[in-house]
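Trainee: I would like to learn how to read the features of a model. Please take me through them one by one.

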Amino acid sequence: MPDAIWLDSGRPAYSNSQFDIITASPSVVLETRGKETQIITATSTTISNENPFNLCEQLFSSLKKTVSHYDDYPFIGGMAGYFGYDLGQPVRDQPPKLDSLPDMRIGRYQWALVLDHFSKKSWLFFNTDCLSSLKKEVIKCINNKSQNIDKKAKTVYRNFIATTKKDCYLSAVAKAKNYILAGDCYQVNYAQHFSAEFKADNWDLYKELRRSLPAPYSCYYQLGNSKQAILSFSPERFIKLDGNKVETKPIKGTIRRGVTKQDDILQIKKLINSKKDKAENLMIVDLLRNDLGKSCIPGSIQTPKLFELESFENVHHLVSTVTGVIRKNETPVSLLRHCFPGGSITGAPKKRAMEIINEIEACKRSVYCGSIGYISITGKMDTNIAIRTLISDGENLHCWGGGGIVADSNATDEYQETFDKISLLIKSNTTQEIDSQP
């Protein structure tokens, strides 16, 4: 079905994850490229030059809100898709775009399949305006017991090439540090881009990667009926809204997993005791407290968890939690807009860090470091930071890896950290080591 999306909680690897969400065939699609947004329905396509977030706000306002007894469910229909990192940035003074995906693609979905792993029940929701033909199609798909579900892992060949040579990467880090020492900013999140020719099936690749790199904020999103897809294995929540409660969980501070158990324990101690990583994390916490302050009640913003350790298949992270209470005149869209893009993937101060990113990175970030997620008709919202993410444009795969640069960063260490974060994404079991210096 077109625009099929699976918001994947990473079960069973993450036993605390409660819900998976599946939906498809939106009745309306907003697709933004540069300054133009196409508003696509089954019968028409119109073009708007209005700000994409304004169009999302209008779409959210048009949704038929539902009663409160559905509040236990995360998504029962509404809006889902992605906001690309480059969304709303000035067209000039930006690096080239190397992929063909739109800057934003948001669908208005009229049904949802919600899997609740805690109660071990599944729920199928249809909105009142969902066409009867679509209901029948969805039910037929779900009840089709004869579907051939391939449970065997397939190895999908891919050979990634780095867009930036190592010496150019080191020079860019030096330039970022010069800006920091000059007082322009405190931190710049610098990322490098990789690409690979790709003729295989996106879904097969997602299933393979999910086995080796599960994550709690993952997503598989097939764009329309095209060969374009997003394969995200994000460990990071961006913004969650539940009732009037807001939560964001920035990641800053990363170290590779140890080869042995003893080595892994030493790596954990090294990360926990790292003054540099804690300082970076605290900078971004302060930035996000400021961003939440644009939408939250004064005095409501708290930091219940600071520098908490979270471990994944390939790395350990330091994760903090910042919460707030949203003001009554704000909406999920306005909350997201005020915080977008996430501070953990820009640097601080955000505006100047983003200007430096545009100057030193080889290409636009596209979906990478944007946000993928949902806004339910109940007003609930949950979104990720689109890191550990592959995008497929039908002919090529694109991937980025980055990290925060501060005054005392070691460029060689930062370069290696890039690979530590995305090594499982860019390596195939059947191919040689990635060519990082073409």
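Trainee: Which element gives the most residues to the lining of the largest cavity?

Mentor: Some ground rules come before the answer. This is a predicted model, where local features need pLDDT of at least 70, side-chain atom pairs count only at pLDDT 80 or more, and totals for chains, interfaces and linings use all residues. Residues are numbered from 1 along each chain as its sequence is written, and side-chain values use heavy atoms, with hydrogens and water left out.

Mentor: Now the general idea. Rolling a probe the size of a water molecule over the atoms shows where empty space is left. On a 1 Å grid over the protein atoms alone, a cavity is a set of points where a 1.4 Å probe fits but cannot get out; a pocket is an open set with protein on both sides within 12 Å along at least five of seven lines; lining residues have an atom within 4 Å of a point. A volume is the space filled by probe spheres set on the points, which are joined across faces, edges and corners. Elements are DSSP runs numbered from the N terminus: helices (H or I, at least four residues) and strands (E, at least two).

Mentor: Here, β23 gives the most to the lining of the largest cavity, with 5 residues. That cavity has a volume of about 220 Å³. Its lining has 24 residues, and Asn189, Lys252, Gly402, Gly403 and Lys421 lie nearest the centre. Two or more lining residues come from each of β16 (251–256), α6, β23 and α9.

Trainee: How does the lining of the largest cavity divide by class?

Mentor: Ala, Val, Leu, Ile, Met, Phe, Trp, Tyr, Cys and Pro count as nonpolar; Asp, Glu, Lys and Arg as charged; the others, Gly among them, as polar. The division is 6 nonpolar, 9 polar and 9 charged.

Trainee: What is the volume of the second largest pocket?

Mentor: About 860 Å³. The second largest pocket has 37 lining residues, with Ser17, Pro216, Tyr217, Arg237 and Asp382 nearest its centre. By class they are 16 nonpolar, 10 polar and 11 charged.

Trainee: Next, salt bridges. How many does the structure hold?

Mentor: Side chains of opposite charge can pair when their charged atoms come close. The criterion is a side-chain nitrogen of Lys or Arg within 4 Å of a carboxyl oxygen of Asp or Glu. The structure holds 27 salt bridges. In one of them, glutamate 395 meets lysine 199 at 2.4 Å, N to O.

Trainee: Why does that pair tie together parts 196 residues apart in sequence?

Mentor: Because glutamate 395 sits in the loop between β22 (389–393) and β23 (396–405), while lysine 199 sits in the loop between β11 (187–197) and α4 (202–212).

Trainee: Which residue forms a salt bridge with lysine 276?

Mentor: Glutamate 414, with the closest N and O atoms 3.4 Å apart. Lysine 276 lies in helix α6 (residues 275–292) and glutamate 414 in helix α9 (residues 411–426), 138 residues apart. Lysine 276 is partly exposed at 24%. Glutamate 414 is buried at 5%.

How values were computed:
Buried < 20%, exposed > 50% of the residue type's maximum accessible area, 1.4 Å probe, protein only.
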